[in-house]
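User: I am new to this structure and would be grateful for a close look at a single part of it. Please set that part in the context of the whole chain.

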Amino acid sequence: MSTVSADLVIVANRLPVDRVEQPDGTMGWRTSPGGLVTAIEPVMRANDGTWIGWPGGTDEDLEPFEADGMKLVPMSMTQAEIEGHYEGFSNATLWPLYHDLVAKPEFHREWWDSYVSVNRRFAEKAAELASEGATVWVHDYQMQLVPLMLRELRPDLRIGFYLHIPFPPAELFQQLPWRRQLLEGLLGADMIGFQLPGGAQNFVRLVRQRVGHKTHRDLVYLPDGRTVRAAAFPISIDAAGFEAMARSEPVAARAAEIREALGNPRKVFLGIDRLDYTKGIYARLRAFSELIADGHLDVEDAVFVQVAVPSREQVEQYRILRDDIDRLVGRVNGDLGRIGRPAISYLHSSYPREEMAALYRAADVMVVTPYRDGMNLVAKEYVACRLEDTGALVLSEFAGAANELRQAWLVNPYDINGMKSALLDAYSADDRETRRRMKAMRRTVAQNDVAAWADAFMSELAEVPGSHGKAVRP
Ligand code: GDG
């Protein structure tokens, strides 16, 4: 297969496929579920794109291959790079720093060195594969140095960058010993996309104060005459795809089976998150269990299903969180459960997409309470799956999704009593009220789907003034 000379190159830490063992024992690839892949796939196809990323594991060098019609270029990572770049600088320095210091970020110089060298390898690969004047779209916090490194190698390219997580206020970002390098790294792009306008504003302000460039509204003027735009592009989901899946017969049957298996309680509460300390899982389970202990809810009437998808298990903070939640669930069920009636049905596992849709269909109250979240696709997926306009969404004010899903029961996850009353309100709201709210949210999600997101990003990238390269249209 030829991967040379692509008019569109996607650079992300991970490839959009997972390695799976096939029935005959050989290894194969499966498109990984999730918003990013569905978002980018149509753009990839329309432009014969190539995707550069890590396939997971510490495998041998793999050759470029095609999966599901996508051209993929695997980048191998050594154990030292996984520890320094991925688990270290990306997930133990940048992740907590960009999420309001929910955990304490660790600063280690050898992690930074590893971050720089991995970013350089990815940039060199993109430089090698991109055709003259091509568009390169770089994704997320693990790759923030790639835009500048790439621009230095290939000034002819049009470069876009999208940050999936929040961009922090200057007061927090300033802690980073390598703050200037990161800002300059990003400024290698022609356009930088953020989830919310606040993130874009934080960035522009930092560039003005720290790097000293002239700025006006969402534009940064560089001394070499280039213009960089920093703007918000709130990401979304394949709303029609989720709705169709939720509507399908097997998913409907599975939703009924799930309720049955839970003992047909009056109301099912649901949480689905990567097991991450930013998601506020502990606090929400505590709020729910206090409602039972106080006698406001009864385990005969209500159950909380919490799916916690294993995540970053080599990072210490994640291990501590897992133990804390294991202990809390054990104690709550031991104290408050009855035979066949746990207060919390806790699942530490990941599931196929259809099972997720069945859970969304089965749940009366969806509880999404991150302390900070770039967007939160789970909230939008729940809304897309509520075919009859039923069901209540309890949503943290600190999730990007709260900007759009204004009709949710909005909560401050730091306020346990506030969360308790929101859970209770959502539980006891009448049909008219929940329908009114759900209907409005469903309209929002249907109109602003992921295809609209990708279209907006690509067409605005093509229009940034004073940038190089030829336009690629979605
Ligand atoms: C980052 C930002 C931003 C989860 N468990 C399973 C599964 N999922 C899918 C969900 C959803 C996705 O994973 C999770 O997306 P979120 O947005 O909720 O959260 P992060 O993983 O933290 O994502 C976030 C996002 O990037 C996109 O820009 O919204 O703020 O933190 O799609 O459905 N999918 C399957 N099985 C599971 O067990 N199949």
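Which of the 21 residues around the ligand come nearest?

Analyst: Two remarks on the source come first. Residues are numbered from 1 along each chain as its sequence is written. This is a predicted model, in which local features need pLDDT of at least 70 and side-chain atom pairs count only at pLDDT 80 or more, while totals for chains, interfaces and linings use all residues.

Of the 21 residues around the ligand, those that come nearest are His164, Ser350, Gly374, Met375 and Leu377. A residue is near a molecule when its C-beta atom, placed from the backbone, lies within 6 Å of that molecule. Helices (H or I, at least four residues) and strands (E, at least two) are DSSP runs, numbered from the N terminus. H13 gives the most to the shell around the ligand, with 3 residues.

By class, the shell around the ligand comprises 11 nonpolar, 6 polar and 4 charged residues. Here Ala, Val, Leu, Ile, Met, Phe, Trp, Tyr, Cys and Pro count as nonpolar, Asp, Glu, Lys and Arg as charged, and the others, Gly among them, as polar.

Asn376 is found in the loop between strand E16 (365-368) and H13. Its phi is near 90°, a positive value in a residue other than glycine. Asn376 counts as buried because it has 23 C-beta neighbours inside 10 Å.

The protein is divided into domain 1 (6-235 + 451-463) and domain 2 (239-447), with bounds that come from an automatic or database domain assignment. The shell around the ligand draws at least three residues from each of domain 1 and domain 2. The C-alpha centres of the two domains lie 30 Å apart.

Where the domains meet, 17 residues of domain 1 are in contact with 16 residues of domain 2; two residues are in contact if their C-beta atoms, placed from the backbone, lie within 7 Å. On the side of domain 1 that touches domain 2, helix H1 (35-46) and helix H2 (79-98) each supply at least two residues. H2 gives the most to that side, with 3 residues. The residues of this side of domain 1 divide into 9 nonpolar, 6 polar and 2 charged.

Leu101 is found in the loop between H2 and helix H3 (109-129). Phi of Leu101 is near 55°, again a positive value in a residue other than glycine. With 14 C-beta neighbours inside 10 Å, Leu101 counts as partly exposed.

In the largest nonpolar core, which has 157 residues, Leu393 and Val394 touch the most other members. This core draws at least three residues from each of domain 1 and domain 2. A nonpolar core is a set of buried Ala, Val, Leu, Ile, Met, Phe, Trp, Tyr and Cys residues joined through C-beta atoms within 7 Å. Leaving aside neighbours within four places in sequence, Val394 is in contact with residues including Val365, Met366, Val367 and Val368. Its contacts also include Ala408, Trp409 and Val411.

Two further residues illustrate local surroundings. Trp29 lies in strand E3 (residues 27-31) and, with 20 C-beta neighbours inside 10 Å, counts as buried. Not counting residues up to four places away in sequence, Trp29 touches Val17, Arg19 and Ala67. Arg179, in helix H6 (residues 179-186), counts as partly exposed, with 15 C-beta neighbours inside 10 Å. With the same exclusion of residues up to four places away, Arg179 touches Phe173, Gln174 and Arg210.

Finally, the whole chain may be described. The protein has 16 helices and 18 strands. Its radius of gyration is 23 Å, close to the 23 Å that the globule rule gives for 474 residues, so the protein is as compact as a globular protein of that length. That radius is taken over C-alpha atoms, and the globule rule is 2.2 Å times the number of residues to the power 0.38. Of the 474 residues, 49% count as buried.

Definitions and conventions
A residue is buried if 20 or more other C-beta atoms lie within 10 Å of its own, exposed if 12 or fewer, and partly exposed in between; C-beta atoms are placed from the backbone.
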